[in-house]
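This report describes the contact between two chains and then the form of one of them. The sequence and structure are shown first.

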Amino acid sequence: MAGAAHPEAMAPLKKGATRTAPPQTPASWWGAPRVRTYLLFGATGIVYLLAGGVVWHLAWALGKGPDAWATALRGLSNPLYILFHLVTLVSLIFVGVRAFGTMMPKMQPRGGPLPVLAPGVVKAVIFGAWAAITCLLATILAGGIF
Amino acid sequence: MRVEITRFDPDKDEVPKTQEYEIPVQADWKVLDAINYIKDEVDSSISHRWSCRMAVCGSCGMMVNGEPKLTCKTPLSAYSDSIKIEPLANFPIVRDLVVDIDGFMDKFRRVKPWIVRAKERAEDMEALNEKGTYSQSPAELVVFKQFSMCINCLLCYSACPVVANEPEFMGPAAIALGHRYNLDSRDQGDRERNRIFRGAGTVFSCSFANECSEVCPKNVDPAAAVNQAKLGAVIDWAKGLVLPRGGA
């Protein structure tokens, strides 16, 4: 296996008399496609951190004055910024699909007053609501409402 | 077929090493049959655990080509000319393919994996006996049956990246079995278990890799149990805040 797990992984509270070898983990544990998906899921946190930086920069420019705000807005039209926003959008959709599509159907409470729905129904409800809210926000931002 | 097996003798070896064997195999063999052949015909010094040979006892879990597998259920024909068999990942190695599962037993006890009842009065017991003590309908059984199918093979612990890196983590099987009792209509210990589930190293340490459910040989879906337990622990906490006597 070669890779080392945490030396205390699954260690008993009271050590036995027999000497044991430290726990190992497969060196290629990250190689399976489904594990890579999980790692990518976690790595999107970096994208959100950077996106948060952009928001802080815009807030700072807004407070600084009209010239700084106009400069910041011009900066947003830079192709690199547009590319970054596309990456952020793809990351958000990927995380939403994995979290809502995989975790939510499993997470339904059992034994309560509500029936347990089929995974397909849960996904349809969640993704339907997601699409409806996205359309509503897009319409508001485009000036269609208010 | 070439079979590579991890060898470790605590009296002689500092670290585990690999030993290779060339053996004849039959088309219908499982991986466990190959290990048993080596033990019986080639090298009797190999140590491994097994018992029922029909995916019920959960004792023959090992890493096969880097994946946690129940070796009595895994056909040898699924692999090409060579195969690598190692002890379960993330567990201290006692000898060869045998791992120390005491760490799991310690975590398992914490979730109180038994039916907890409030202290019963004599007249309540009479009423219970009249309608059949702790009777349970098929519908009530269905609620938790999936989670009661766990055979404690510990493949989920070997697959979980959180177990590998966070020794405190209670792990998938222990949480799934604790949740199984929380869902049991005869049980009254859910508040105790939810308090445990809200503690450090329990349900909220799970980052939903979902690997436990991928490798589970009995389709228990421990990831579902862990995430339902998260919701249950939060609802229980909220009830404690807003309802008189915590909603009890």
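## Contact between the chains

Chain B supplies 37 residues to the contact and chain A supplies 30 residues, where two residues are in contact if their C-beta atoms, placed from the backbone, lie within 7 Å. On the side of chain B that touches chain A, the elements giving two or more residues include β6 (93–95), α2 (102–110) and α10 (222–242) of chain B; α10(B) gives the most, with six residues. Helices (H or I, at least four residues) and strands (E, at least two) are DSSP runs, numbered from the N terminus.

## Basis of the model

This is a predicted model, in which local features need pLDDT of at least 70, side-chain atom pairs count only at pLDDT 80 or more, and totals for chains, interfaces and linings use all residues. Residues are numbered from 1 along each chain as its sequence is written, while chains are lettered from A and ligands numbered from 1 in the order in which they are written.

## Form of chain A

Chain A contains four helices and two strands, in the sequence order β-β-α-α-α-α. Its radius of gyration, taken over C-alpha atoms, is 23 Å, well over the 15 Å that the globule rule (2.2 Å times the number of residues to the power 0.38) gives for 146 residues, so chain A is more spread out than a compact globule. The C-alpha trace of chain A spans about 75 × 45 × 30 Å along its principal axes.

## Domains of chain A

An automatic or database domain assignment divides chain A into domain 1 (2–107) and domain 2 (116–146). Taken over C-alpha atoms, the centres of these domains of chain A are 24 Å apart.
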